[in-house]
Amino acid sequence: MIAAHTTSTDYLISPAIPPALIEGKANMATPLKLGVLASGSGSNFEVIAQAIQNQQLNAQIPVLIYNNPEAKAAARAEKYGIPSILLNHRDCKSREELDTKIVKTFQEYDVEWVVMAGWMRIVTKVLLDAFADRVINIHPSLLPSFPGIRAVEQALAAKVKITGCTVHIARLEVDSGPILMQAAVPVLPDDTAETLHARIQVQEHKIMLGAIALIAESNQKYCD
């Protein structure tokens with residue numbers, strides 16, 4: 001377990017972030033191909049793209065899929081020269097139809113792992129079977145506490161002293177599945193949903209990179 005450096009309060013991350021991310025370098029063997037799903041601003045997506053560009057993460061993003069025509073994630077993808085494809089869920093008759101289109105697109109781009117980086121859609125068996133145990137999600141709480149929507153507000157309502165964020169393998173049950181990495185974030189006495197969420201998001205960016213680095217490291221050992 002390591003403490004990430006902050007200006008005031010220590011934030012605990014478990015398991016430890018791979019040294020390559022701390023040292024600013026990555027093993028440049030065969031990169032892990034990530035298909036990213038985003039619905040909104042795409043801040044987690046950009047953190048991943050930036051780390052890849054800086055050679056801190058042994059991965060590449062062949063394609064970004066977004067479901068909201070107004071999502072800023074598409075502009076972020078263009079900035080990094082990453083193809084982005086709009087698959088508007090409103091044009092689909094069911095969740096399964098959307099996921100079928102997602103799977104087809106990711107397979108066309110030879111995606112190996114799927115990253116839900118602020119993907120605001122419930123995924124189905126169609127996607128989870130196509131990428132069995134290779135779909136990861138990030139959630140703004142220390143799962144299994146406060147699953148589902150408005151997790152930050154749930155934590156404040158429960159008056160907990162510590163909350164945080166979790167990267168986990170996705171399962172059919174929302175916000176369940178094996179946990180890959182978590183960061184603990186103290187709840188301050190004067191916190192609002194906005195201030196707490198902002199501090200949690202800083203840690204989300206760290207553990208998203210950390211979890212992908214662990215996956216890439218494991219994938220390389222398996223290939224070797």
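The largest pocket of this predicted model takes at least two lining residues from each of four elements: α2 (43-53), β7 (135-139), α6 (151-158) and α7. Of these, α7 gives the largest share, with 4 residues. In total, 37 residues line the largest pocket, and if you want to find its centre, look for W119, M120, I138, H139 and P140, which lie nearest to it. The space inside comes to about 880 Å³. Sorted by class, the lining has 15 nonpolar, 14 polar and 8 charged residues.

Now let's turn to the nonpolar cores. The largest one holds 45 residues, and the members that touch the most others are L34, I48, L57, I61, V115 and I136. Setting aside neighbours within four places in sequence, its contacts include I48, A59, I61, V115 and I212.

The partners are F106 and F131, and because their ring planes stand at 85°, over the 60 degrees needed, the pair is edge-to-face, with ring centres 6.2 Å apart. The two residues come from distant parts of the chain, 25 residues apart: F106 sits in helix α4 (residues 95-108), while F131 is in the loop between α5 (125-130) and β7.

Note on methods:
Residues numbered from 1 in each chain as written. Predicted model: local features only at pLDDT ≥ 70, side-chain atom pairs only at ≥ 80, totals over all residues. Heavy atoms only, no water. Core = buried A, V, L, I, M, F, W, Y, C linked by side-chain atoms within 4.5 Å. Buried < 20%, exposed > 50% of the residue type's maximum accessible area, 1.4 Å probe, protein only. Contact = heavy atoms within 4.5 Å. 1 Å grid on protein atoms, 1.4 Å probe; cavity = no way out; pocket = protein on both sides within 12 Å on 5 of 7 lines; lining within 4 Å. Points joined across faces, edges and corners; volume = space filled by probe spheres on them. Nonpolar A, V, L, I, M, F, W, Y, C, P; charged D, E, K, R; others polar. Phe/Tyr/Trp six-rings, centres within 6.5 Å; stacked < 30°, edge-to-face > 60°.
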